[in-house]
Structure formats: structure tokens, C-alpha cells
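Colleague: I am new to this model and would like a close look at one part of it. Could you pick a place to start and lead me on from there?

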Amino acid sequence: MSESKDESKYAGDESDSDDGGDDDSFDPLHVESDDPLVQQLQRELKKSRKKVKEMESKTQTILKSVRDFQTQQKSLFTKYQDLRHDYKELHENMLKMLWEEMFDDGSGDRDGGPKKGVDGNLGRLKYDFLALKKQDRDLKEDEERVGEYDVGAVIGEGQFATVKSCYSTTKEKVMAVKIIEKKKVTSLDSLKRIDNELDVLEELAGKHPGILTLMDVLHGEKYLYMFTEKLDLDLFDFYDDHPNGVTETLGRLIILGIMEGVNFIHSRNIAHRDLKPENILLRRQKGPGGTEEYEVVLCDFGLCARVEEGMLMTDFCGSPGFFAPEMFVEGEYDGKQADVWSIGCILLELLVGHDTFGECWMTAYDSEYMKRKSDFRSEIQAAVMELKELRLPTNLSDFLQDLLSDVDGKKRPPVNSLLAHEWIMESEHGRDPHIKRRLSSLDSPVLQNRPQSTSEDAFADR
Ligand SMILES: Nc1ncnc2c1ncn2[C@@H]1O[C@H](COP(=O)(O)OP(=O)(O)OP(=O)(O)O)[C@@H](O)[C@H]1O
Ligand SMILES: [Mg+2]
């Protein structure tokens, strides 16, 4: 009797309340009572039970999602590992192709003619390696020693390269070595850039004191090493000691050194195309009476190009603050004229100091202005106009205008005519008598492998 009462009570509770109580289970905690408080508590209890059940069900769903997610994550991780493995394999194959197979045809030694690179897509010959030699498998490469060289501290860093000081134990000479990490060079273009630099440095080694002398090249399993003469600092570091710019005399000496080097490469139909303070090296020395003097040497010929009279180039290169505006605005340019512009930028930074240069010149190269060619051109034009405010001595101002006033690069004077400018001629150094002295001190095996011109020939080139 009480049981059916229980059931009807339950049923009644279910039907006449919206408490959502459980309808299918016997409730051991159920207490028969007429006390409304007890009844109320019973209802609350049922509600809570239902909530617990719902939560349990949700928890199950969540747990299932978590398990699914974990399974997915695991499968993604496996895919990621597979991809990484494939990438590594492809990368290694590509490096092998770039750095080994292109040189492994046996006919590619420098003496046996140019090497051929292969266009992977079409299988046709695309590029002749001019200077890169194939890997020397016997070369012992160590952090501190490579071949006959003891390798020392880092003196410079580039995109693919680290430059370190080194010592040749056979020549008993302190030198610099540009160490290129082969695994960072993953495209034919980058490889061409290195080959280009080697080719030009080999050709020019020892022919002009204003051009970095290449002395040896080694090609190991992991790195390519370019051994050169060692300089004391680059022009960028030099600004630290001259925050407000240099004297006119010192500025002239440095610009003259740069122009001598540039004039030499231009006379050989080579444009540098990346003239900027980091690529101008200096050797400190004392002049007569203890005056501050510097020898200037151009380095980093990776972007240089062989040019012919009237030939226009289209590939954009250089660095903000120093590249000629027509490279960007016109899209085609004369490589030698572009170098003249860069010399102007370097002179300006020398005169006003690094910070002021940043404010009065670099701002025109802001990426905001480079969104539109016309904006960039007018910013450069405005910056050039403001140069007049510098109130420089007349000859110097005139010289700077010659370098920088033509923003279109159509009528910039060539370097050889600028060397005869009145401002240059004011120089007590004239046409740089110390240049000859240095030529005799150069000692380069690369130079010995090349058909050599004498020092006098080198000067005849200018
Ligand atoms: N012979 C040297 N003597 C002293 N310092 C040097 C010499 N060669 C290079 N450096 C220093 O190393 C820096 C980097 O050298 P370099 O400009 O040749 O490399 P990079 O071409 O800029 O490198 P990457 O090709 O990887 O971009 C130079 O800016 C300079 O500070
Ligand atoms: Mg450089």
C-alpha cells in the first residue's frame, strides 16, 4: 500500500512540478513525510541529482572531445614530423645540388673552363660559375683552425657570413676571413652573389689599394672561407668616434679614398651597387705631425655588376639611405651613376654625423614614403633642397650638389670627373700619394694565380 502511495507521490511530484526530477529510479533517500519542509527538501534533492546527471553527461561529452582533440593533435604532430623530415631531406638535397653536384661534373675546374649550374625545372644550363671551386673534401674545419689558418675573434657580421680575424701560420700574417655558412645559402641567386664577389675580388686582387685584397679561398664541407687583408674598422664604427661629423679635411680624405676605389672599379666596368658605411673599411694611421689619417678600402662585392656604357640595369639593390632614387622610381638605372649617389650619401653622413643624417636624410627613405614612387621622389627632392640649409663652404656645397642634386640619375657626373672637382683639388693629399706605397706591401696568392698587371698598370687604368 505504502509502495503504491510512494509511486503515486513520485508520479505526482513529477507531473505537477517543473523540477525536472528523475522518473525512473528508486530513491533510497526518499522519506515519506507530510511535512512541507521535508517535501520541499526532497524536491530540491531531486533537482540537484538531475543537475549532477546533466553535468556528468556534459563531462562525458567534454572528455570525448578532449580525447578526440588529443587524437587529432597526435596525428597532426605525426604529420608535422613527417613534413619536417621531408623538408630536411629536400633542404639537404637542395644544398647538395647547389654546393656539390653543380661542381661535380669533373670538367668544371677553374683551369678547365667555367662550371655550369643547372636550372632545376627545365634541366637546361643556366649559370656559369666563374670563381667558386668545388669542395675540398680533405679540408680540416675547426672553430679555431682551418687549413693553415688560426681563426680568431668575430670582427663583422653579414646576412650569410661572419667575418673573423685570423692568422696565417705559413705567411705569419694577420688577416681577415669571411666565413659563409653553406647551409644558409639555399638559392641559386645567393650562390651567384657569392660567386660574383669571388670572381670580382679575384680579378681585382692586388690591383688597387682601395679594393679589399683577396688572398686565399677555401671551400670546406660546412663553410666557404674568403681570406683577405684585415682592416681596423668600418665606416659605420668610425661614426661612434665622430658623432657630430668630421672636419672637412678628414671628410675629404675619406671620400677621396672611396672615390679612388670606385673610380678604379668603374674604369674596369664594374659597378659596386652597395656602397654604404658598413662596406667601407678603414685602416687607422698617423699622418705627418700625428694627424689622424685613414686608408680606405672597399669591400662586399656581392651585389656588384659588370656594366657597359649606356647599359641600364633593373634589379633593385642597395640599402635605405644610400641607394639611388632612380633604382626605385624609374625601375632602371645606370650602375655607375647609382654608385655616385651613394658616395654623396656617405659624404653627407660624414659631414653631419650619424644622428643628424638619420633625421635629415634617412627619413626620406621611410617605408611610408616608399609605398608610392611619386611620394618617395618628392621626399628625396625635398631632402636634397634642404641640404642648402647646411651652409657648407662653397666648394664643398657645390661638390655635394654634384653628387646628390640629380634625383633621376640622368646627369650625375662620373667619378673620374668628380676627382678633378675644386673641392677635391683643395686637398693637400692631391691624388693620394700613399696609394703606391701600399701596393708594394700586398702579398696575395690569389694575385699570383691571376695574370698580373704591375702597379704602374693599375695606375694607368685610372
Ligand atoms: N677585411 C676586413 N677587415 C675588417 N673588417 C671586415 C673585413 N671584411 C669585412 N669586415 C667587417 O665585416 C662586415 C661584414 O662583411 P661584408 O660586408 O663583406 O659581409 P656582407 O656581405 O655584408 O655579408 P653577407 O654577404 O652575409 O650579407 C663589414 O661590414 C665589416 O664590418
Ligand atoms: Mg656588407
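Modeller: Ile380 counts as buried because it has 22 C-beta neighbours inside 10 Å. By that word I mean that 20 or more other C-beta atoms, placed from the backbone, lie within 10 Å of the residue's own; with 12 or fewer the residue is exposed, and in between it is partly exposed. Please keep in mind that this is a predicted model, where local features need pLDDT of at least 70 and side-chain atom pairs count only at pLDDT 80 or more, while totals for chains, interfaces and linings use all residues. Residues are numbered from 1 along each chain as its sequence is written, and chains are lettered from A and ligands numbered from 1 in the order in which they are written.

Ile380 belongs to helix α9, residues 373-386. Helices (H or I, at least four residues) and strands (E, at least two) are DSSP runs, numbered from the N terminus. If we leave out residues within four places in sequence, Ile380 is in contact with Pro325, Ala364 and Val407; contact means that two C-beta atoms, placed from the backbone, lie within 7 Å. Thr363 is 17 residues from Ile380 in sequence, and their C-alpha atoms are 9.1 Å apart.

Let's move on to Phe322, which sits in the loop between β13 (305-306) and α6 (325-329). Phe322 has 23 C-beta neighbours inside 10 Å and therefore counts as buried. Not counting residues up to four places away in sequence, Phe322 touches Leu275, Lys276, Ser342 and Cys345.

Now for a wider view. The protein has 15 helices and 13 strands, and 31% of its 462 residues count as buried. Among contacts with a separation of 6 or more, 66% are between residues 24 or more positions apart.

Next, the sheets. Strands of a sheet pair through backbone hydrogen bonds, either parallel or antiparallel. Here, two strands are said to pair if DSSP finds at least two bridges between them. One open sheet has 6 strands, in the order β3-β4-β5-β6-β8-β7, with antiparallel pairing. Its edge strands are β3 (145-146) and β7 (214-219), each pairing on one side only. Starting from β3, 2 bridges link that strand to β4, and Val146 has Tyr149 in β4 as its bridge partner. Further along, β5 and β6 pair antiparallel over 8 bridges, with Tyr167 opposite Val174 in β6. These two strands, β5 and β6, form a hairpin with 4 residues between them, and Glu172 in the turn has a positive phi of about 50°. On to the next neighbour: β6 and β8 (residues 223-228) pair antiparallel over 6 bridges.

Another open sheet has 3 strands, in the order β9-β11-β12, also antiparallel. Its edges are β9 (233-234) and β12 (292-298), each with pairing on one side only. Between β9 and β11 (residues 280-286) there are 2 bridges, and Asp234 has Leu281 in β11 as its bridge partner.

Back to β6, where Lys178 has its place. Lys178 stands opposite Met226 in β8. Leaving aside its neighbours within four places in sequence, Lys178 contacts Ala161, Val163, Met226 and Thr228. Lys178 counts as buried because 26 C-beta neighbours lie inside 10 Å. An unreviewed UniProt entry carries a "binding site" annotation that covers Lys178; such positions are given in the numbering used here, feature names are shortened, and annotations may be inferred rather than shown by experiment.

That leaves ligand 1. There are 20 residues around ligand 1, and Gly156, Gly158, Gln159, Ala176 and Asp300 come nearest. A residue is near a molecule if its C-beta atom, placed from the backbone, lies within 6 Å of it. The elements that give two or more residues to this shell are β4 (149-157), β5 (161-168) and β6 (173-181). By type, the shell holds 9 nonpolar, 6 polar and 5 charged residues, where Ala, Val, Leu, Ile, Met, Phe, Trp, Tyr, Cys and Pro count as nonpolar, Asp, Glu, Lys and Arg as charged, and the others, Gly among them, as polar. Domain 2 (145-228) and domain 3 (233-447) each supply at least three residues to the shell; the domain bounds come from an automatic or database domain assignment.
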